[in-house]
Amino acid sequence: ESGFTQGTVGVGVDAHSLSSIKLDSGRGRYGTGQFDQTSDGRGDDTQSEVGGAVKFRISDTVLKYGNQFVESPVFSTDDSRILPEVATGTYLVSNEIDGLELSAGRFTALNDQVQTYRDSLGLKEINIVGANYSFTDNFSGGLHASDADDLYRKYYGNLNYNMPFSDEQALNLDFNIYKTKYDKGYVESYTTETDDDGNVTTPGVRESRDNTIWSLAAAYSLGAHTFTLAHQRATGDDGYRYGEDGGGTIWLANSVQYSDFDRKDERSWQVRYDLNMAQYGVPGLSFMTRYIYGDNIDTGVGEEGKEHEFNFETKYVVQEGAAKDLSFRLRSSIWRANSVQNDEYGADLNDFRLIIDYPLSVL
């Protein structure tokens with residue numbers, strides 16, 4: 001990521017080069033979203049990609065065009081695997097008014113995390129707009145919308161309120177909601193029919209798949225400790241859908257390491273505990289653990305689906321010296337579901353991840 005040239009219009013360039021190398025993964029261990037699949041059912045040995053974007057700045061407004069990583073509630077590239085998703089398009093972010101951030105974008109390609117060619121997810125076109133505003137130092141909100149060509153329109157809202165009780169205590173309330181409405185021309189599936197003259201036709205079956213999903217989280221911080229309770233609920237004709245708008249486009253409380261708890265009619269609860277060891281003389285070291293339980297899932301076969309997940313995370317960030325900002329993060333997940341939910345979502349899972357990140361400032 002470069003800076004900008006001097007002058008009324010500053011110009012800069014962002015570029016990336018990404019590679020992944022398989023250490024070990026046989027046929028029985030393929031399918032974790034790390035590598036593309038070879039013809040014999042194994043993961044690729046290596047994957048690489050390069051890309052870049054040019055950017056322009058006038059005052060506090062930045063326009064970027066090209067290959068880029070995007071963080072918007074209605075279009076968000078996912079970096080939860082070795083290679084992140086990369087979007088191609090134009091993105092404008094403006095902070096000209098104090099406390100107000102406006103954004104707009106148009107993207108025409110999106111590659112996923114296991115395939116490195118330009119548009120592996122088949123995105124035709126998506127247009128996004130958004131606004132975030134800080135009403136006070138402790139109260140903020142946001143409204144965002146997207147229109148994915150020939151698929152759906154998605155709307156997102158957020159309210160965040162922080163209530164400080166003292167220097168050591170505070171309560172934070174965070175509300176998020178998505179409303180997804182499918183285009184009238186969206187075709188879910190095709191059926192084969194024969195008319196009176198013996199001609200075979202395949203008319204499209206248009207099904208309503210509108211969805212609303214929301215979450216509310218309350219986090220109470222007490223010195224080095226934070227206790228969080230969250231509830232999330234999905235309603236509508238189907239579960240929440242994302243993918244064409246980026247695998248990270250689910251800014252909800254119960255979207256965690258493995259599951260997003262976003263199936264049809266699902267209700268889920270989360271309890272979470274965070275510990276910051278800086279107040280105990282170890283700055284940079286933190287711990288997190290959480291448990292999420294979801295039920296009431298409409299599986300379409302008459303039996304209620306249920307799932308639950310336990311996460312544990314340890315992170316350490318080097319505070320000074322030549323390795324300053326080098327971080328180590330251990331993440332683990334245990335996910336289980338009843339048999340009917342296993343059939344829809346996958347087998348029981350134990351997931352362990354080690355993430356080492358070393359940001360390097362060269363200019």
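**Salt bridges and a nonpolar surface patch**

K22 counts as buried, at 18% relative accessibility. This residue belongs to a predicted model, in which a search of the whole structure finds 16 salt bridges.

**K22 and D45**

- The side chains of K22 and D45 form a salt bridge, with an N to O distance of 3.1 Å.
- Both K22 and D45 lie in the loop between β1 and β2, so the pair ties together parts that are 23 residues apart in sequence.
- D45 is exposed, because its relative accessible area of 53% is over the 50% cut-off.
- K22, by contrast, is buried, because 18% is under the 20% cut-off.

**D14 and K55**

- A salt bridge also joins the side chains of D14 and K55, at 2.8 Å from N to O.
- D14 sits in strand β1 (residues 10–21) and K55 in strand β2 (residues 46–58), so this contact ties together parts that are 41 residues apart in sequence.
- D14 is buried, with a relative accessible area of 10%.
- K55 is likewise buried, at 7% relative accessibility.
- D14 and K55 belong to one network with K64, joined by salt bridges that share partners.

**D295 and R267**

- D295 and R267 meet through their side chains in a salt bridge of 3.7 Å, N to O.
- This pair links distant parts of the chain, with D295 in strand β19 and R267 in strand β18, 28 residues apart.
- D295 is buried, with a relative accessible area of 17%.
- R267 is partly exposed, its relative accessible area being 31%.

**Nonpolar patch**

- Strands β18 (267–276), β19 (285–298) and β20 (304–317) each supply at least two residues of the patch.

Definitions and conventions: Residues numbered from 1 in each chain as written. Predicted model: local features only at pLDDT ≥ 70, side-chain atom pairs only at ≥ 80, totals over all residues. Heavy atoms only, no water. Helix = DSSP H or I, 4+ residues; strand = E, 2+ residues; numbered from the N terminus. Salt bridge = Lys/Arg side-chain N within 4 Å of Asp/Glu carboxyl O. Buried < 20%, exposed > 50% of the residue type's maximum accessible area, 1.4 Å probe, protein only.
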